[in-house]
Amino acid sequence: MQILAKLVVATTILFSTCFVNPETKKIEAAGIEVVGISDGDTLTVLYRNEKRQQKIRLATIDAPEYSQAYGTKSRQHLSDLVFRKQVTIRKISDDRYGRVVAEVFLDGKNINVEQIKSGNAWHYKHHEKQQTPKERLIYSAAEEFARENKLGIWQDKNPMPPWDYRKHNPRNGSKK
């Protein structure tokens with residue numbers, strides 16, 4: 001019964017807060033198109049009005065590297081969600097590689113959370129200080145949901161987090 005109650009609470013949190021709340025989310029740009037997918041947590045958008053492209057790193061998630069187990073599946077899942085679609089972004093910061101670090105939304109749905117909830121990324125706790133307590137709860141609940149349901153990376157008994165993979169395989173890791 002306790003597991004069922006946790007699942008109901010987690011599901012309620014996930015489905016009720018994965019949409020843009022105009023009172024709490026400040027949107028940087030709307031009407032932009034996803035024109036490229038690098039991996040499960042990095043994409044390229046085209047700002048139509050400015051006719052320029054920008055690489056976007058999905059904030060506070062970390063997906064398997066392309067050369068890692070589930071790397072191609074994670075990339076494909078992100079592509080299936082947003083490629084050639086109009087998205088909205090909420091910029092968090094810029095990273096040392098010149099990418100915008102942001103939450104990405106499609107029809108109000110938080111794509112960062114979707115990647116985690118589907119088992120295609122980890123909640124990257126190294127950067128969770130950038131999140132509000134409510135956002136940390138949502139992202140953590142999404143990861144717990146994927147783990148408990150053995151989705152994606154959680155089908156493996158001990159999936160290797162990308163930050164460990166990059167440490168052990170510096171030539172195969174990407175810019176994170």
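Trainee: Which residue in strand 3 is the bridge partner of Thr-44?
Mentor: Lys-55 is the bridge partner of Thr-44. Keep in mind that this is a predicted model.

Trainee: In which sense do strand 2 and strand 3 pair, and over how many bridges?
Mentor: The pairing is antiparallel. Six bridges join strand 2 to strand 3, which covers residues 52–58.

Trainee: And how many residues sit between them in the hairpin?
Mentor: Four residues lie between strand 2 and strand 3. Look at Lys-51 in that turn: its phi is positive, about 50°.

Trainee: Why is strand 2 called largely enclosed by the rest of the structure?
Mentor: Strand 2 runs over residues 42–47, and five of those six residues are buried, so the rest of the structure largely encloses the strand.

Trainee: Which way do side chains point along a strand?
Mentor: In a regular strand they alternate between the two faces of the sheet.

Trainee: Back to phi. What is the value at Thr-60?
Mentor: Near 50°, which is positive, and the residue is not glycine. Thr-60 sits in the loop between strand 3 and strand 4 (61–62).

Trainee: Is Thr-60 buried or exposed?
Mentor: Buried. Its relative accessibility is 6%, and the cut-off for buried is under 20%.

Trainee: What about phi at Tyr-70?
Mentor: Tyr-70 has a positive phi too, near 70°. Its place is the loop between strand 4 and helix 2 (71–82). Tyr-70 also counts as buried, at 16% relative accessible area.

Trainee: New topic. How many cavities of 30 Å³ or more are there?
Mentor: One. The largest cavity holds about 50 Å³ of space.

Trainee: Which residues line the largest cavity?
Mentor: The lining is Ala-59, Thr-60, Arg-90, Ile-92, Glu-103, Gln-130, Gln-131, Glu-135 and Tyr-139.

Trainee: Which elements each supply at least two of the lining residues?
Mentor: Strand 5 (86–94) and helix 4 (133–148).

Trainee: How does the lining divide by residue type?
Mentor: Three nonpolar, three polar and three charged.

Trainee: Now charges. How many salt bridges does a search of the whole structure find?
Mentor: The search finds 14. Take Glu-33 and Arg-48 as one of them: their closest N and O atoms are 2.8 Å apart. Glu-33 lies in strand 1 (residues 29–39) and Arg-48 in the loop between strand 2 and strand 3, so this pair ties together parts 15 residues apart in sequence.

Trainee: What is the N to O distance for Asp-62 and Arg-57?
Mentor: Their side chains meet in a salt bridge at 3.6 Å. Asp-62 is buried, at 0% relative accessibility. Arg-57 is buried as well, at 5%.

Trainee: And how far apart are the closest N and O atoms of Lys-91 and Asp-94?
Mentor: They are 3.1 Å apart, and the two residues form a salt bridge. Lys-91 is partly exposed, with 34% relative accessible area. Asp-94 is partly exposed too, at 49%.

Trainee: Which residues do shared partners join into one network?
Mentor: Asp-41, Arg-57, Asp-62, Glu-65 and Arg-166.

Note on methods:
Residues numbered from 1 in each chain as written. Predicted model: local features only at pLDDT ≥ 70, side-chain atom pairs only at ≥ 80, totals over all residues. Heavy atoms only, no water. Buried < 20%, exposed > 50% of the residue type's maximum accessible area, 1.4 Å probe, protein only. Pairing = 2+ DSSP bridges. 1 Å grid on protein atoms, 1.4 Å probe; cavity = no way out; pocket = protein on both sides within 12 Å on 5 of 7 lines; lining within 4 Å. Points joined across faces, edges and corners; volume = space filled by probe spheres on them. Nonpolar A, V, L, I, M, F, W, Y, C, P; charged D, E, K, R; others polar. Salt bridge = Lys/Arg side-chain N within 4 Å of Asp/Glu carboxyl O.
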